[in-house]
Amino acid sequence: MNTHQAELDARGMNCPLPILKAKKSLSALSAGEVLQIRATDPGSVKDLEAFCLQTGNELLSSSEVDGEFIFLLKKH
Amino acid sequence: MAKRLKATERRASILAVAKVLFADKGYHGVAVDEIASRLGVSPAVLYRHFPSKEALYSEVLDTLAAQRENYVDAALQNPDDFASVLLRITLVFAESVARDPDYLKMELLGSLEDAQVTQQFFESRWKSFTDYIEYSMREQALKDGLLSQINPRVAGLMFQGMVREALYAKCILHSSRYQDIALPDLITQLVKLFLNAITDNNDSKGENKHE
């Protein structure tokens, strides 16, 4: 089964762009659906935690492989 | 006599003193002896933590580059149009530089001494703005179905130069020329000028009146 319904490629981008794009991508999803975000900015870890805290969306997971960060966000 | 500190505290105090001196005099203007004497320790103590002046300088730069402004609040507030978000994140950045201008001093001093420093500061600070400007201009052009006459990358460069010069004048030079304009007002006016510049272009696109 697919772990997510939508993907956002934010690699190479610095905050706030990944946050703004995440907000836009999530607005197209229904509650309970999951967005996968890929990013390379190390600041994205803190930023997406803060983003979820403020918007009520759930950060299901956050991992790093070879300098690339992968996040799964569940829409509130 | 200098108090005995734990290794981590000593390291942090060396970095703090080195940052102030490097920001004031640049890499070549500071000797290890001067940093040591400012700390009240011998140069040997410094070399125990950092193998060379270069290693210390590089660590100061890394520490500064790793400090990021938190743009999440500014990005999520309403109104969330390009102009409003751009103004809010620029004000967050300006406030941060006003609080600790050493970052900007290091960037300006480093820009002539070491191109890598410029790149490092661009990646950690300015790219937040240029990314957002480039993306938003391209998205707007797609929405309009027309290509802007202004290269978004050039617009990003204009923005960077404009804001950096304003921060230099207000936070480092403390120029009397702009003393009657508070920093947030100066930034607000400059962002407005920038937006006018890229919007005027959009209004006249496709007409090629001046060609």
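## Briefing on a two-chain predicted model

**Around B:Gly156**

- B:Gly156 sits in helix H9 of chain B.
- Leaving aside residues up to four places away in sequence, B:Gly156 touches B:Phe129, B:Thr130, B:Ile133 and B:Glu134.

**H7 against H9 in chain B**

- Helix H9 of chain B covers residues 152-172, and its axis comes within 10 Å of the axis of helix H7 of chain B, residues 102-113.
- The two axes cross at roughly 120 degrees, and H7(B) and H9(B) are therefore oblique to each other.
- The crossing of H7(B) and H9(B) is left-handed.
- On the H7(B) side, the contact is made by B:Leu104, B:Lys105 and B:Leu108, while H9(B) brings B:Leu167, B:Tyr168, B:Cys171 and B:Ile172.
- Sorted by class, this contact of H7(B) with H9(B) has 6 nonpolar residues, 1 charged residue and no polar ones.

**H7 against H8 in chain B**

- H7(B) also packs with helix H8 of chain B, residues 115-144, at an angle of about 140 degrees and with the axes 6 Å apart.
- That angle makes H7(B) oblique to H8(B), because the roughly antiparallel class applies over 145 degrees.
- H7(B) contributes B:Glu107, B:Gly110, B:Ser111 and B:Glu113 to this contact, and H8(B) contributes B:Val117, B:Thr118 and B:Phe121.
- The class count for the contact of H7(B) with H8(B) is 2 nonpolar, 3 polar and 2 charged residues.

**Chain B as a whole**

- Chain B has 10 helices and 0 strands, so its pattern along the sequence reads α-α-α-α-α-α-α-α-α-α.
- The radius of gyration of chain B is 21 Å, well over the 17 Å that the globule rule gives for 211 residues, so chain B is more spread out than a compact globule.
- Its C-alpha trace spans about 70 × 35 × 35 Å along the principal axes.
- Of the 211 residues in chain B, 27% are buried.
- Among contacts in chain B with a separation of 6 or more, 61% join residues 24 or more positions apart.

**Chain A as a whole**

- Chain A contains 2 helices and 4 strands, arranged along the sequence as β-α-β-α-β-β.
- For chain A, the radius of gyration is 11 Å, close to the 11 Å that the globule rule gives for 76 residues, so this chain is as compact as a globular protein of that length.
- The C-alpha trace of chain A spans about 30 × 30 × 15 Å along its principal axes.
- Buried residues account for 34% of the 76 residues in chain A.
- In chain A, 59% of the contacts with a separation of 6 or more are between residues 24 or more positions apart.

**Where the chains meet**

- The contact between the chains takes 14 residues from chain A and 13 residues from chain B.
- Helix H1 (17-27) and helix H2 (44-55) of chain A each supply at least two residues of the side that touches chain B.
- H2(A) gives the most to that side of chain A, with 5 residues.
- By class, the residues of chain A on this side divide into 8 nonpolar, 4 polar and 2 charged.

Terms used
Residues are numbered from 1 along each chain as its sequence is written. Chains are lettered from A and ligands numbered from 1 in the order in which they are written. This is a predicted model: local features need pLDDT of at least 70, side-chain atom pairs count only at pLDDT 80 or more; totals for chains, interfaces and linings use all residues. Axes are lines fitted to C-alpha atoms, for helices over the stretch in contact, and angles run from 0 to 180 degrees between N-to-C directions. Angles under 35 degrees count as roughly parallel, over 145 as roughly antiparallel, 65 to 115 as roughly perpendicular and the rest as oblique. A crossing is left-handed if the near helix is turned anticlockwise from the far one by less than a right angle, and right-handed if clockwise. Two residues are in contact if their C-beta atoms, placed from the backbone, lie within 7 Å. Ala, Val, Leu, Ile, Met, Phe, Trp, Tyr, Cys and Pro count as nonpolar, Asp, Glu, Lys and Arg as charged, and the others, Gly among them, as polar. The radius of gyration is taken over C-alpha atoms; the globule rule is 2.2 Å times the number of residues to the power 0.38. A residue is buried if 20 or more other C-beta atoms lie within 10 Å of its own, exposed if 12 or fewer, and partly exposed in between; C-beta atoms are placed from the backbone.
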